[in-house]
Amino acid sequence: ARNLGRDCISVYRAEIKTDVKRDLEIESQIRHALGQGQFECWLQSKVVADGSVDGAEALVRWRRADGQLVRPDEFIPVAERLKLMIPIGIEMLQQVAQVIHQLEQAKVPQAIAVNVSPVEFLAPNFVESVKEIFTEESASLSLLTIEITESLLVSGEEQVQQRMEQLRLHGVTFSIDDFGTGYSNLVRLQRLPINELKIDRQFVQQAEGNPKHKALLDAMLSMAKALNMKSVAEGVETAEQADYLLAQGADYLQGFYYAKPEPCRSWLEQQLKARR
Ligand code: C2E
Ligand code: CA
Ligand code: CA
Ligand code: CA
């Protein structure tokens, strides 16, 4: 038994070592990638009831030197832990500001949403950075939507409300991402400057086969109305889902049924062509 115990400990230590080694490796890869401009902003359209595109959500993609694309789920958790999500987020905001600038230049202004994690939102100077970037790129902050998660709101940081209100004064709108999966304090939700609830795709996709999910989906859509917020349903993959959501009064739909995320340049070209 003693031997076994010792083995376990040494295995455990070996695992920790491997993790630390792997993190260090990813850390240096991310730093390198930032220097090389390998983080790209992709855009996924949001559509309204008549099927026309109105704005998009920015999703980060890491294009490695060999051309291989890395999906966010593979590097965001590590980047968050190492606080490297902060410079990656800045990179995204810059690219989004450039897209907004071009939309405005072409007289087809549309809101672009960016995902901002709690680490990024609470970083020192977040508000100043956002303002600086948009001034530098001559883009209107009123076309920026920030998607935050319920976890930021329940973190209870006083900073959160202050920063939201500061940004709100400059025209920034806020959307609660993955709504329904966290533990929002509904009273607090109503007091914060939130414009939009984004209903998590699990409710959208499972509503058909699961009466409880359907009831929750319906409740969330009515709640958005009651709170005077817009609703966005994400992960729409079928015509049936789209029809149901529109019948229930969802304001915006997003999902593979309408469009997949694509490089921002091609999304932008499409928009400039379509509205000319
Ligand atoms: P999210 O914000 O909930 O984004 C939606 C995810 O669902 C995206 O995955 C998108 O590609 C995917 N999706 C969109 N439509 C459909 C659909 O119809 N069906 C299915 N099955 N999936 C769909 P992605 O791009 O891999 O991003 C994963 C998560 O990574 C995001 O979830 C978000 O939490 C995070 N993320 C992505 N980009 C950024 C970023 O720039 N900054 C931060 N902080 N987080 C980001
Ligand atoms: Ca999102
Ligand atoms: Ca989401
Ligand atoms: Ca999600």
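Predicted model: local features only at pLDDT ≥ 70, side-chain atom pairs only at ≥ 80, totals over all residues.

Biologist: Which residues are the closest to ligand 1?

Modeller: A residue is near a molecule if one of its heavy atoms lies within 4 Å of it. Here 25 residues surround ligand 1, and the closest are Arg 71, Glu 120, Arg 201, Glu 237 and Phe 256. By class, this shell has nine nonpolar, six polar and 10 charged residues, where Ala, Val, Leu, Ile, Met, Phe, Trp, Tyr, Cys and Pro count as nonpolar, Asp, Glu, Lys and Arg as charged, and the others, Gly among them, as polar.

Biologist: Which strand gives the most to the shell around ligand 1?

Modeller: Strands (E, at least two residues) are DSSP runs, numbered from the N terminus. Strand 2 gives the most, with four residues.

Biologist: What polar contacts does ligand 1 make?

Modeller: A polar contact is a pair of N or O atoms within 3.5 Å. A polar side-chain atom of Arg 61 lies 2.9 Å from an oxygen atom of ligand 1, a side-chain N or O atom of Asn 115 is 3.0 Å from a ligand oxygen, and Phe 256 places a backbone N or O atom 2.8 Å from one. The protein covers 86% of the 810 Å² of accessible area that ligand 1 has on its own, as computed by the Shrake-Rupley method with a 1.4 Å probe.

Biologist: Which protein donors does the calcium ion (ligand 2) have?

Modeller: Donors are N, O and S atoms within 2.8 Å of the metal (3.2 Å for Na, K and Ca), and water is not among the atoms, so sites may look incomplete. For the calcium ion (ligand 2) they are Glu 57 (OE), Asn 115 (OD1), Glu 147 (OE) and Asp 177 (OD), lying 2.2 to 2.3 Å from the ion. Asn 115 in strand 4 and Asp 177 in strand 6 are 62 residues apart, and the pair links distant parts of the chain.

Biologist: Which residues bridge the calcium ions?

Modeller: Asp 177 bridges the calcium ion (ligand 3) and the calcium ion (ligand 2), which lie 3.8 Å apart. Asp 178 coordinates both the calcium ion (ligand 4) and the calcium ion (ligand 3), which are 3.7 Å apart.

Key. Residues numbered from 1 in each chain as written. Chains lettered and ligands numbered in written order. Heavy atoms only, no water. Polar contact = N/O pair within 3.5 Å; in protein donor to acceptor, adjacent residues only side chain to side chain.
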